[in-house]
Amino acid sequence: MRHVIALDVGGTGMKAALVGADGTLLHRARRATGRERGPDAVVAGVRDFAAALRAHGAEHLGEPAAAAGVVVPGIVDEARGTAVYAANLGWRDVPLRELIAADLGVPVALGHDVRTGGLAEGRLGAGRDADRFLFVALGTGIAGAIGLDGRVEAGAHGFAGEIGHVVVRPGGTPCPCGQRGCLERYASAAAVGEAWAAACGNPEADAAHCAKAVTAGDPIAVRVWQHAVDALADGLVTALTLLDPHTLVIGGGLAEAGETLFTPLRDAVRRRLTFQQPPRIVPAALGDSAGCLGAALLAWDLLKTTDGTEVTP
């Protein structure tokens, strides 16, 4: 059966799948990224995982994969196929596309994890009915993907969608990027967890604990949560003003709070709009499968340009 390899490399774990032309997940697998062993070992681990997936397809699906899509965090030069930098993985300027293509002997597409997750949400998930959407992932940091007519805009230098580094509180909390007051320092899952841990005096508390306390009506938790929601709304309205999307798709760990997040967020965004058209604000639909599904889309798109294959995802 004709299929592609989809590999989503994260800071601690790798998720992978063999995916058919209709989007069917034919096989799934996971491995640890092993970043504690250093960047060279991480690269070797990614290559070994890709080779194992190829072997599985050849044995169980009757033929090896026709192509591969690999998505990684950090700064990615998709045109050159280079993983430029990832703080969590410690690598710099890794020609990952070239290395994996040489290992597998098939075309390989390399993409940015959040942009590729946004691509999957746009074609297969919560943004599939919108020709213009913005996908925002609220995790350890905050990143976004700008969706345009079934594709995701990478920008002139590969940095499009970095909404987490929009300054929402000028002169505020320092950010590792070098600015002060960036959105992700106030509204990421990590930021909410830090604020709640400090407020409740429990260093083990995180954003999920804060959300539960909000649901229970804890006034201190409500104050911490609203502080984050207000910052997020400020950042989103800036993006809305620039991009005018039909739909805002919100994913990542903080979105798992459900309406505890979405009800006050919709209200906060609505209060800030003047001439802008209000978008739909919806939760992401694909969960932690988005990266793999997006990687598969990259691979099938690549095949369409190399051999004229028509596929349906």
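## A salt-bridge network around Arg169

Arginine 169 and aspartate 234 form a salt bridge in which the closest N and O atoms are 2.7 Å apart. This pair links distant parts of the chain, since arginine 169 lies in the loop between β11 (151–153) and α4 (184–187), while aspartate 234 belongs to helix α7 (residues 219–243), 65 residues apart. Salt bridges that share partners extend the arrangement, joining Arg169, Asp230, Asp234 and Arg272 into one network.

Arginine 169 counts as partly exposed, with a relative accessibility of 23%, and aspartate 234 is likewise partly exposed, with a relative accessible area of 24%.

## Confidence of the predicted model

The structure described here is a predicted model, and the mean pLDDT of the chain is 93, with 98% of its residues reaching 70 or more. Among the elements of the chain, helix α8 (residues 259–272) has the highest mean pLDDT, 98, whereas strand β5 (residues 75–77) has the lowest, 89.

Over residues 308–313, however, the pLDDT is below 50, although in the model this stretch has 16 contacts beyond near neighbours in sequence. Where pLDDT is low, the predicted coordinates should not be read in detail.

## Other salt bridges

A search of the whole structure finds 16 salt bridges. One of them is formed by arginine 30 and aspartate 288, whose closest N and O atoms are 2.9 Å apart; arginine 30 sits in strand β3 (residues 25–32) and aspartate 288 in the loop between β13 (280–283) and α9 (290–307), so that the pair links parts of the chain 258 residues apart. Arginine 30 is exposed, with a relative accessible area of 58%, whereas aspartate 288, at 47% relative accessibility, counts as partly exposed.

A further salt bridge brings together the side chains of arginine 123 and aspartate 301, at 2.7 Å from N to O. Here the link runs between two helices, with arginine 123 in helix α3 and aspartate 301 in helix α9, 178 residues apart. Arginine 123 is partly exposed, with a relative accessible area of 21%.

## Threonine 116 in helix α3

Helix α3 (residues 113–124) also holds threonine 116, which counts as buried because its relative accessibility is 3%, under the 20% limit for a buried residue. Leaving aside neighbours within four places in sequence, threonine 116 is in contact with Val71, Gly111, Ala290, Gly291, Gly294, Ala295 and Leu298.

Methods
Residues numbered from 1 in each chain as written. Predicted model: local features only at pLDDT ≥ 70, side-chain atom pairs only at ≥ 80, totals over all residues. Heavy atoms only, no water. Helix = DSSP H or I, 4+ residues; strand = E, 2+ residues; numbered from the N terminus. Buried < 20%, exposed > 50% of the residue type's maximum accessible area, 1.4 Å probe, protein only. Contact = heavy atoms within 4.5 Å. pLDDT = per-residue confidence, 0-100. Salt bridge = Lys/Arg side-chain N within 4 Å of Asp/Glu carboxyl O.
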